[in-house]
Every structure is written in structure tokens, then in C-alpha cells.
Amino acid sequence: MRNPYSEDERLAAMVSAAFRASRSHFNHLPIRYLINPPVEMFDAKLARQITIHILNVEFDIPRRRLTKLLGVGRAMVLQSIRTVDQRRLEPVFERAYERISARAKDNFMTALAEDAEAA
């Protein structure tokens, strides 16, 4: 069976799903702070790092593609992945990450199903 969605559509759905999942855990932050965190907001930076990690690890989007897709530098993507990997060694953070990751996957599959119904 051929995939009816273009690569760009799938990537956009993945990015949206990951940001919404991170936003659901950091619900005190507006989505714009996750996309472009203010310098003084460490929780917004962490939310974006988690989003980047989910996109790279869970959705298997290459780091180089993420830099173009999100408009961020390679160093930021690499640092985000390293930071989240290090934090995942802590069991409490790991459980929170797994919930956010599962929600991102659910959001993505829901978006695909809704698009399929609309077509």
C-alpha cells in the first residue's frame, strides 16, 4: 500500500504532534515559548529540547533535517539531544519523557487518521 501523504506533510504533522505533546506537559507555557524560548525561561528551553529529542529519536528525523525544519543550528539540536539523554538517566524524568513521547505518537496518529477521514 502506498503512503498517501507527502514527506513534507508527514514531517509537519510530526513537528506539530511533538510540540503539542511537550506543551501538554508544560501547560503553563504558550506554544510560542516552546518554539522560541525566552532566554530566562529554562522550562521553555527544556520543553523545546524534549521536542527536538522526540523528533530525532522517536520519529527518526535526522538531525540535519531538524536544523532546516526548525530553523535552529546544528549545535542546538545536538545539545538538546545530549541534554535529554543525560536527564533520562533520572527515573522521574524518564517517566515524564515516556508520557510526552507516547502523547506525541498518539497526536501524530490521530492527525493522520483525521486527514484520512477528511480525504
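Start by selecting Ser101: with a relative accessibility of 1%, Ser101 counts as buried (buried is under 20% relative accessible area, exposed is over 50%, and partly exposed is in between, using a 1.4 Å probe and protein chains only). You're looking at a predicted model, so local features need pLDDT of at least 70 and side-chain atom pairs count only at pLDDT 80 or more, while totals for chains, interfaces and linings use all residues. Residues are numbered from 1 along each chain as its sequence is written, and side-chain values use heavy atoms, with hydrogens and water left out.

**Stop 1: around Ser101**

Ser101 sits in helix 6. Helices here are DSSP runs of H or I with at least four residues, strands are E runs of at least two, and both are numbered from the N terminus. Which residues touch Ser101, leaving aside its neighbours within four places in sequence? Show Ile54 and Glu58: those are in contact with Ser101, where contact means heavy atoms within 4.5 Å.

**Stop 2: Glu58 and Lys105**

The term covers a side-chain nitrogen of Lys or Arg within 4 Å of a carboxyl oxygen of Asp or Glu. Glu58 belongs to helix 3 and Lys105 to helix 6 (residues 91-118), so this pair ties together parts that are 47 residues apart in sequence. Now colour by accessibility: Glu58 is partly exposed at 25%, and Lys105 is partly exposed at 35%.

**Stop 3**

Next, select Arg88, Glu94 and Glu98. How far apart are N and O in the salt bridge between Arg88 and Glu94? The distance there is 2.6 Å. Arg88 also has a salt bridge with Glu98, with the closest N and O atoms 2.8 Å apart. Glu98 is in helix 6, while Arg88 is in the loop between helix 5 (74-87) and helix 6, so the pair ties together parts that are 10 residues apart in sequence. Glu98 is partly exposed, at a relative accessible area of 37%. Through shared partners, the salt bridges join Arg88, Glu94 and Glu98 into one network. By the cut-off already given, the count of salt bridges comes to four.

**Stop 4: helix 3 against helix 5**

Time to switch to cartoon view. Two packed helices are described by the angle between their axes and the distance between the axes. Helix 3 and helix 5 pack at about 95°, with axes 8 Å apart. These axes are lines fitted to C-alpha atoms, for helices over the stretch in contact, and angles run from 0 to 180 degrees between N-to-C directions. The two helices are therefore roughly perpendicular to each other (65 to 115 degrees is roughly perpendicular, under 35 roughly parallel, over 145 roughly antiparallel, and the rest oblique).

The nonpolar class is Ala, Val, Leu, Ile, Met, Phe, Trp, Tyr, Cys and Pro; Asp, Glu, Lys and Arg are charged, and the others, Gly among them, are polar.

**Stop 5: on to helix 4**

Asp60 has a positive phi of about 60° although it is not a glycine. Buried or exposed, where does Asp60 fall? At a relative accessible area of 63%, Asp60 is exposed.

Now bring in helix 4 (residues 63-70): its axis and that of helix 3 come within 10 Å and cross at roughly 135°. The pair is therefore oblique. At the contact, Ile52, Leu55 and Asn56 of helix 3 meet Arg63, Leu66 and Leu70 of helix 4. The class tally is four nonpolar, one polar and one charged.

**Stop 6: back to helix 1**

Finish with helix 1, which packs with helix 3 at an angle of about 140°, axes 9 Å apart. Helix 1 and helix 3 are therefore oblique. Select Met14, Val15, Ala18, Phe19 and Ser22 in helix 1: they meet Ala47, Ile50, Thr51, Ile54 and Leu55 in helix 3. That contact divides into eight nonpolar, two polar and no charged residues.

Ser16 is partly exposed, with a relative accessible area of 33%. Ser16 and Ala104 are 88 residues apart in sequence, yet 8.6 Å apart in space, C-alpha to C-alpha.
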